[in-house]
Structures are given as structure tokens and as C-alpha cells.
Amino acid sequence: MDISALKELYTSYAGEQPAEITELPSSGSNRRYFRLCSRNRTIIGVLGTCKEENEAFIYLDRHFHGQGLPVPEVLAISDDGMAYLQEDLGDTLLFNAIEKGRKTRSFSVEERDMLAQTISLLPDFQFAGARGLDFKKCYPAVEFDRRSILWDLNYFKYCFLKATGLEFDEARLEDDFSAMCDVLLKSSSDTFMYRDFQSRNVMMHNGHPWMIDFQGGRKGPFYYDVAAFLWQAKANLPQSLRHELIKVYMASLSKYIPVDEAEFLSTLRHFVLFRTLQVLGAYGFRGYFEKKPHFMQSVPFAIANLRALLDKPYEEYPYLSEVLTRLVDMKQFTDELQKHALTVKVLSFAYKKGIPNDVSGNGGGYVFDCRAVNNPGKYERYKPFTGLDRPVIEFLEDDGEILTFLDHCYALVDASVARYKERGFTNLMVSFGCTGGQHRSVYCAQKMAEHINKIHNVKVELVHREQDIEQNFAAHR
């Protein structure tokens with residue numbers, strides 16, 4: 001269908017011909033969107049390729065609009081149902097409105113507010129929006145059931161997993177797919193499941209979120225949409241912000257049902273895993289098979305989400321967990337991860353020889369002065385040793401002063417490492433200086449390197465500059 005159908009529909013509805021027609025950027029579907037303008041108004045025109053999909057959107061849109069929910073009003077429909085006009089909400093997708101936060105992983109107060117507004121609105125669609133809704137009009141599925149779950153899991157298997165070349169036992173994998181169905185279906189509810197609830201499907205209009213592109217919605221558990229929104233691959237939300245937004249969602253959800261936080265979080269992680277596999281299947285199909293680079297660019301973000309999920313094993317799906325662990329450790333994904341992985345460089349040095357230069361260009365990070373701590377170098381018997389040797393270690397630890405000093409250092413560095421990882425920074429430098437760079441600074445740098453690697457599971461490069469000693473600690477996985 002060409003745009004002549006939209007011209008005719010616009011003219012019939014508005015009583016004048018459009019002066020200008022501009023095609024808008026497409027998303028993942030084959031639907032085409034246009035902005036039709038005249039002297040008096042602008043309207044969005046939609047050309048669909050599937051009549052049933054159009055009918056589902058139009059029915060849902062009119063139902064939600066009748067419930068007072070923020071959706072674009074459908075204004076006119078062509079006789080054949082393949083084209084329709086809807087209210088123009090502008091050009092500001094939530095995805096674009098939070099661009100700075102997505103790129104830096106440091107979200108402003110304004111960006112956080114937009115995200116909080118959006119997720120607090122979600123239960124209204126899920127619960128109030130389900131009142132009086134005829135789910136039989138949903139397309140392509142009426143509800144989230146075993147069949148639809150297995151469709152998505154096999155979508156992942158055939159369009160992504162097999163495309164990577166990873167070897168696996170298909171029968172054992174299918175057994176775990178069946179187990180996942182059982183777990184997910186325990187949370188079935190008579191609520192509306194948006195299914196593709198993510199920041200590209202939210203418009204910011206007059207400072208508030210409006211929902212679009214819900215034509216794939218159906219009856220299903222409310223957990224799914226939370227997982228889809230907060231773990232959208234390219235939204236790139238740090239874990240701390242996810243936790244903050246989950247609390248916002250639960251507060252809004254409590255208007256409709258009692259909420260047990262521990263139970264909610266325990267169930268949610270299963271939907272996060274399922275949604276992650278589903279989107280990887282979509283990325284595989286659109287990227288590997290349809291050769292659309294936009295989708296392949298999202299794969300590293302989804303793999304990073306998957307890697308983080310696997311830090312806590314899914315005991316219900318042991319073989320699937322094994323396969324996914326091998327998947328995220330494939331060279332094609334770990335090479336990409338290494339480009340964005342944090343390396344912490346820890347040094348010991350002597351002040352009389354100068355503070356070490358930071359070759360990363362980031363300005364040097366933390367520099368801790370150990371000279372206030374009791375110095376074993378004052379005593380002749382410790383002069384042959386360094387802070388790595390047992391006599392010096394015992395001297396420092398028996399005194400106890402250096403342990404208190406290090407506790408304060410740990411607290412500062414721990415906070416920075418956690419934030420650097422969240423924001424995707426690649427370098428942090430931590431230096432310890434003392435008079436000769438032999439005893440106190442060496443002890444502290446060694447302890448700090450071991451602490452960071454153990455607590456944060458990041459690569460650490462340790463350099464005792466004056467002792468000409470280097471040691472590397474690899475991330476655990």
C-alpha cells in the first residue's frame with residue numbers, strides 16, 4: 001500500500017489535503033509512519049502490513065483511551081483497515097530523552113524522573129487497562145501461555161544461539177525450556193501484558209509519558225513488562241537505578257494488589273532471564289538474518305545483562321545456565337566486553353621520587369599518603385624487608401594503625417569501583433605513597449589490589465614502583 005491511501009484518509013478526515021508528508025524513522029516492525037501536515041494541524045498516518053495487527057492496535061487504543069490512559073487517539077481508519085490516522089504526540093521518544101544517561105550511565109534528576117513517571121504508570125495499564133478488555137481481540141496471541149513462551153525460547157535457540165556456532169544438547173535444553181515455562185506460568189494473572197514495554201515505545205508529550213506500539217499486548221503476568229523496561233538492552237540502566245525504579249513500580253502496584261518485596265524480586269529475575277533470551281532471539285533474526293546493523297549493535301548490551309544475571313545461578317534450569325555461561329564466555333562476546341571492562345591500577349611509590357603518572361590520561365585517581373602510619377623503616381632490623389615480607393607485615397598489623405587506615409581507603413575505593421563499573425569507565429588508578437616506597441605503601445597497595453579483585457571481580461594491575469615488582473589479577477570471569 002502506498003501513501004495515497006493516507007492522503008485520501010487525511011483529506012476525508014480533515015477536510016483539506018495535506019500540504020506536506022514526511023516519513024518517520026521505522027522501528028523493528030514493517031509498519032510505516034508518516035507525519036501529515038496542513039496549515040491547521042499535524043496528524044500521524046500509519047500504513048500496516050497486517051490487518052489483524054492494525055485491528056488489535058486500534059481496539060486496544062480505543063479501549064485504553066476510554067479508560068483515561070495516555071495513548072494517542074485513533075482518528076480515522078481506511079475502509080480496508082490497512083491505514084489509519086492517530087494523534088501526533090511529537091518527536092520525543094523516552095529513549096532519546098534519556099540519551100545522555102544511556103551513554104554515560106549517569107542519569108540526571110530529570111531523566112530519572114521521566115523513567116519513574118513511566119514505570120509508575122505501568123500498573124494502570126496492566127490492571128485498570130485490563131478492566132472490560134476483550135483479550136480475544138489481541139494479536140498474534142490472546143495470552144502469555146506455554147506455547148508463546150516456547151515460541152520465544154525457540155526463537156532464541158534458532159535465531160541466536162545456533163547462529164553463534166555454540167554446540168549444545170538440544171534435548172537437554174528443551175527440558176530446561178519446559179521447566180522455565182512451569183516457573184513463568186505460576187505467575188499468570190488476568191492483567192494486560194504490554195510485551196514490548198521499553199523506552200522506544202514511550203513518547204514524552206507535554207512533560208509526561210504516553211504509551212505507543214502496544215499492538216502485541218495480551219493477557220499475561222505483570223512481571224514481564226517490568227523486566228522488558230528495566231533490562232532493555234540499550235537503555236543501559238545501572239543496577240542501582242533499576243533497584244530505585246523497581247521500588248517506584250512496587251509502590252504503584254500496591255494500589256492494586258499486596259506486594260511482598262522479596263517474593264516480587266525472586267520471581268522477577270526469572271522474567272528478566274526470559275526477556276533477555278527473547279530479545280537476543282529478535283536481535284539474531286534482525287541482525288544475523290535480515291542484516292540490520294542497528295540490532296547487532298544492541299547484542300553486547302544484552303550479553304552484558306545476561307552475564308550479570310548468571311552471577312547467581314538459576315538452579316531451576318541447570319543445563320540452560322551451563323549453555324548460557326558458555327555463550328557469554330565466547331570470544332566474540334568477551335572481546336567486546338574487554339573493550340569496556342574496568343581495569344584498576346594500584347601502585348606503591350616513594351614521595352621523594354614523585355607521584356606516579358597516570359598513562360590512561362585520567363589524572364591519577366586516588367593518592368593515599370601512608371606516612372602518618374608508624375614506620376618500620378625506622379628500625380634497622382626491618383630495613384632488608386619490604387611490605388610483602390612477614391616481619392614487616394606482623395609489625396604493621398600488630399600495631400593495628402594501618403588496618404584502620406586501610407578500612408577508610410577501602411570504603412572510598414569500593415564506592416568508586418562500583419560506580420565506575422556501572423558507568424562503563426575503563427580505568428581507575430589508586431596509589432599509596434610513603435617515605436621510601438618500601439614498607440607501608442607496599443603493604444597497603446598489595447592489600448588494596450587483593451581486596452578490589454576479590455570484592456569487585458575486576459582486572460587489577462599492581463605495580464610496586466620502587467621495588468620493580470608487578471603483578472596482575474585477572475577478573476574471575
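This is a predicted model: local features need pLDDT of at least 70, side-chain atom pairs count only at pLDDT 80 or more; totals for chains, interfaces and linings use all residues.
**View 1. The hairpin of β13 and β14 holds four residues between its strands.** In the turn, Asp 468 has a positive phi of about 55°. Strand β13 covers residues 459-464 and strand β14 residues 469-473, and the two pair in the antiparallel sense over five bridges. Pairing here asks for at least two bridges found by DSSP between two strands. Strands themselves are DSSP runs of E with at least two residues, while helices are runs of H or I with at least four, all numbered from the N terminus.

Residues are numbered from 1 along each chain as its sequence is written, and side-chain values use heavy atoms, with hydrogens and water left out.

**View 2. Strand β13 also pairs with strand β10.** The β10 strand (residues 343-350) and β13 run in the parallel sense, with six bridges between them. Look for Val 346, which stands opposite Leu 462 in β13. On the side-chain level, Glu 461 and Lys 459 form a salt bridge, their closest N and O atoms being 3.6 Å apart. A salt bridge is counted when a side-chain nitrogen of Lys or Arg comes within 4 Å of a carboxyl oxygen of Asp or Glu. How accessible are the two partners? Glu 461 is partly exposed because its relative accessible area is 25%, and Lys 459 is partly exposed as well, at 35%. These classes use a 1.4 Å probe and protein chains only: buried is under 20% relative accessible area, exposed is over 50%, and partly exposed is in between.

**View 3. A second hairpin joins β7 to β8.** Strand β7 (residues 202-205) and strand β8 (residues 208-211) run antiparallel and share four bridges. Met 204 stands opposite Pro 209 in β8. Which residues of β7 are buried on each side? Val 202 and Met 204 lie on one side and Met 203 and His 205 on the other; all are buried, so both faces of the strand are covered. The hairpin has two residues between its strands, and Asn 206 takes a positive phi near 55° there. Asn 206 counts as exposed because its relative accessibility is 67%.

View 4. Tyr 139 and Pro 140 are joined by a cis peptide bond, with omega at about 5°.

**View 5. Arg 35 and Asp 88 meet in a salt bridge.** The N to O distance is 2.8 Å. This pair links distant parts of the chain, with Arg 35 in strand β2 (residues 32-37) and Asp 88 in the loop between β5 (83-87) and α3 (94-97), 53 residues apart. Arg 35 counts as buried because its relative accessibility is 12%, and Asp 88 is buried too, with a relative accessible area of 15%. In total, the structure holds 20 salt bridges.

**View 6. Lys 157 and Glu 170 connect two helices through a salt bridge.** Their closest N and O atoms are 2.8 Å apart. Glu 170 is in helix α7 (residues 170-185) and Lys 157 in helix α6 (residues 146-161), 13 residues apart.

**View 7. Glu 394, Asp 398, Asp 399 and Glu 401 form a negative surface patch.** Members of a patch have over 30% relative accessible area and no salt bridge, with like charges joined within 9 Å and nonpolar side chains (Val, Leu, Ile, Met, Phe, Trp, Tyr) within 5 Å. Helix α15 (residues 390-399) gives the largest share of the patch, three residues. Glu 394 lies in this helix and counts as partly exposed because its relative accessibility is 40%.

Notes:
Accessible areas come from the Shrake-Rupley method with a 1.4 Å probe; for residues, only the protein chains shown count as cover. Lys and Arg count as positive and Asp and Glu as negative; His and the chain ends are not counted. The place of a charge is taken as NZ of Lys, CZ of Arg, CG of Asp or CD of Glu.
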